[in-house]
Amino acid sequence: MAGTPQIRPTATLAPFAKPDRFDPELQTFLEQASARLCQWFATASNRGPLPALSALPDVAPQPQGLSVDALLDDLQLVMEGAYQPSHPGALAHLDPPPLTASIAADLICAGLNNNLLAEELSPSLSRLEREMCRWFAERLGLPLTAGGVAASGGSLSNLMAMVIARQQADLQDDPRAVVLASVDAHVSLAKAIRVMGLASDALQTVPVDQKGCMNLDALEHQLKALRAEGRPCLAVVATAGTTVQGAVDPLVAVAELCRREQVWLHVDGAIGGVFALTAATASVVEGISLADSITVNPQKLLGITKTSSLLLVANQSHLASAFSTGLPYMEPAWGDGHGSEIGLQGTRPAEVLKLWLGLRQLGEQGIQCLLEGAIQRRQSLARQLDASRFILLSGPLHLIACTPKNADAYQASVWSLATRQSLLEQQLMVSRPLHHGRHFLKVVLGNPHTQSIHLNRLATLMNQSLLGLR
Ligand SMILES: *Cc1c(COP(=O)(O)O)cnc(C)c1O
């Protein structure tokens, strides 16, 4: 008679941590994995942001489990092929280097393996998430009734916001309901509309001005036109930090209009929301406190490891109104409610841990430094780009995009491809968005490793790239 089947340990590593004694092999394994990671960071500036072509290890499990060394070597292969956000020239996207405390918290989070689904599966962490959301809500100026929930990314936060807005407007049964957002609003809204079963024209876009900000008169006009048509508007979405330009819609004025028209205001602050955390930078998103709901993504500039997004609501009870099912197979919540009853996700990791520890590591001063540093780098680059020959798009945040003035769409496309490639060869990575029918090169200045020398080189190469156009 065979006893309980045993998983054979790989070399000396047990597949699960021993529950009754300290396991030095486990410690060694984690230390070796950490050492590989530290080495990966240490060599970041030798390689570019993008890896050379690399091999992948086998995906299928072998008949017998691998040894510790084989596991680490497999990991190494994948690491070799990874994007390197810690390279100073990694300037293409909203993906900064990870905060070191966030990395440690992610490891602990995996070890705890708690579940934000229900309070008894994450007693301390459920409370930590609630408190962290309240802290954010308070910082962003929301009322005392406010609260929030963590979500695996801003797309999900935006989707939840739209579901809540629809419910509060009592429009659940009306597929004709409309969402108004600027033409530069994020693509996740289009996805939300599809998932919500709304009409294909439910996302109606409002034009933007020269600076990429929502045109207020147009918004007012569109709201009136909808009313005349008898078509309900479930929410206006203002963007605090658009994807290409980093523009911030006129939040105060939009909020006034929404209040007058009694329409839900969601602020998509996935990029810009964090600027409200310190008094020194809060003015760039003035009016964010007037929102009914806010998306904020600490993963995007603060360096909290992915994913880290919060949906904040001015009235915490709106979360449960939209998402509660009763969760009949769980003990009742004893605190503020089960994590799965205040949001769309069921099982989810305690992403709050790396957010909380990361912010504690930074401190107020560190947060301010990161935010101000990013804005300053954008200003510095903007000063060095040849404004007489580039169309420069920027806002008050840390993004800037440019395209040659004297070029048609085709030439801009050719220029952007060639220039991005030649910049990559110099270990400078920028992105190439198609924006209003024209290719731009976009630089995101959220990387704290980027120094003036990198910005000088980038500006010089960008300015020189225009010579190829003539
Ligand atoms: C990044 C972003 C989102 C989506 O966030 P994800 O975490 O990528 O899902 C939404 N809105 C804006 C403005 C963004 O920049």
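Colleague: Which domains does the domain assignment of the protein give?
Modeller: The assignment, which is an automatic or database one, gives domain 1 (24–84), domain 2 (107–359) and domain 3 (370–468). Bear in mind that this is a predicted model, where local features need pLDDT of at least 70 and side-chain atom pairs count only at pLDDT 80 or more, while totals for chains, interfaces and linings use all residues. Residues are numbered from 1 along each chain as its sequence is written, and side-chain values use heavy atoms, with hydrogens and water left out.

Colleague: And how far apart are domain 1 and domain 2?
Modeller: Their C-alpha centres lie 36 Å apart.

Colleague: Switching to helices, at what angle do H1 and H2 pack?
Modeller: The angle is about 25°, and the axes, which are lines fitted to C-alpha atoms over the stretch in contact, are 11 Å apart. That makes H1 roughly parallel to H2, a term for angles under 35 degrees, taken between N-to-C directions on a scale from 0 to 180 degrees. Helices here are DSSP runs (H or I, at least four residues), numbered from the N terminus.

Colleague: Which handedness does the crossing of H1 and H2 have, left or right?
Modeller: The crossing is right-handed, meaning that the near helix is turned clockwise from the far one by less than a right angle.

Terms used
Helix = DSSP H or I, 4+ residues; strand = E, 2+ residues; numbered from the N terminus. Parallel < 35°, antiparallel > 145°, perpendicular 65-115°, else oblique.
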